[in-house]
Amino acid sequence: MTLSPQHIAHFQDRGFLLLEDQFSAQELDLLRRRADVVLAGRDERTVMEASGTAVRSVYGPHEIDPVFAVLGRHPRLVGPAQRLLDGDVYVYQSKLNVKSPFDGEFWEWHQDYVFWRNEDRMPAPRVLTAAVYIDDVDDFNGPLVLIPGSHREGVLRCPTPTDLASDAPNWHSHVSARLKYAIHRDVLGGLARRYGLHAPKARAGALLLFDGNIAHASSTNISPFARSLILYTYNHVANAPARPTRPGFLVSRDTRAIAPVDDDSLLADAAAAQEAR
């Protein structure tokens, strides 16, 4: 996929870009089936909602599932990432984020880069996330809400960070409903008044690209419909942390530049795997 100059200008100015209808019904059906398989597992990659009954996220699905591995190298994701970050990229982190019907909880207002800078020592915000909408995203199932233009403000002020007071690993406060680096509410008020709020809603199959420094959050899912996203964070190869310490499913150790697969690889590889059984 090739981004137009207008696409690039929009991303640079607003900090995000929504591209609708990027994946076909057949591709989405495959992604949903593989998501069900990944979500059925329970290991250290799995983060549950506070209720303990619903999965919130699974980290590193591209490392454990062949379809999600192909999707992370897909030209519809990698091409825009290379163009917007001006060079070769690799998958820094991937995650399957789920907001289950009625049980999907909120994400506090935050920026992604502050976690990667403070916890992993990522040198610069030369990083973005590509989110594929596996489900329709509407007003009621907990859409991502962005503050357009907030990425130009740099790293924003946070209250004194604290880890979760529980037996969970320290990194759980980087991925749970109570985030270690939530943005200070006084800062948010000024940003929202200056830039406004925007929720990029779209049908399943859309692709949302957003800057590592854009302020964003999401509300609970009050609807009977799921809201699932598969997200790939692409980092420029020259921007890799030198000595990351968090688990590999949060900070990939493979920093080699991605060679994109063919555009039809999702369905072709799945068909080949089925025939081999």
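Biologist: How many aromatic pairs does the structure hold?

Modeller: This is a predicted model. The structure holds four aromatic pairs.

Biologist: How is a pair of aromatic rings described?

Modeller: By the distance of the centres and the angle of the planes. Take Tyr92 and Trp116: their centres are 5.5 Å apart, with 65° between the planes. Planes over 60 degrees apart count as edge-to-face, so this pair is edge-to-face.

Biologist: Which parts does the pair tie together?

Modeller: Tyr92 belongs to strand 4 (residues 89–99), and Trp116 belongs to helix 6 (residues 113–120). The pair therefore ties together parts that are 24 residues apart in sequence.

Biologist: Is Tyr92 buried or exposed?

Modeller: Buried means under 20% relative accessible area. Tyr92 has 0% relative accessibility, so Tyr92 counts as buried. Trp116, at 4%, counts as buried too.

Biologist: Which residues do ring pairs link into a cluster?

Modeller: The cluster consists of Tyr90, Tyr92 and Trp116.

Biologist: Where does the charged end of Arg56 sit?

Modeller: Over the ring of Trp107. The distance to the ring centre is 3.8 Å.

Biologist: Now the whole chain. What does its secondary structure come to?

Modeller: Eight helices and 10 strands. The chain has 277 residues, and 53% of them are buried.

Biologist: What about contacts along the sequence?

Modeller: Consider contacts between residues at least 6 apart in sequence. Of these, 85% join residues at least 24 apart.

Biologist: And what is the accessible surface of the chain?

Modeller: About 12300 Å². Carbon and sulfur atoms account for 50% of that surface.

Key:
Residues are numbered from 1 along each chain as its sequence is written. This is a predicted model: local features need pLDDT of at least 70, side-chain atom pairs count only at pLDDT 80 or more; totals for chains, interfaces and linings use all residues. Side-chain values use heavy atoms; hydrogens and water are left out. Helices (H or I, at least four residues) and strands (E, at least two) are DSSP runs, numbered from the N terminus. Buried means under 20% relative accessible area, exposed over 50%, partly exposed in between (1.4 Å probe, protein chains only). Contact means heavy atoms within 4.5 Å. Accessible areas come from the Shrake-Rupley method with a 1.4 Å probe; for residues, only the protein chains shown count as cover. Rings of Phe, Tyr and Trp (its six-membered ring) pair if their centres lie within 6.5 Å; planes under 30 degrees apart count as stacked, over 60 as edge-to-face and the rest as tilted. A charge sits over a ring if NZ of Lys or CZ of Arg is within 6 Å of the ring centre and within 35 degrees of the ring normal.
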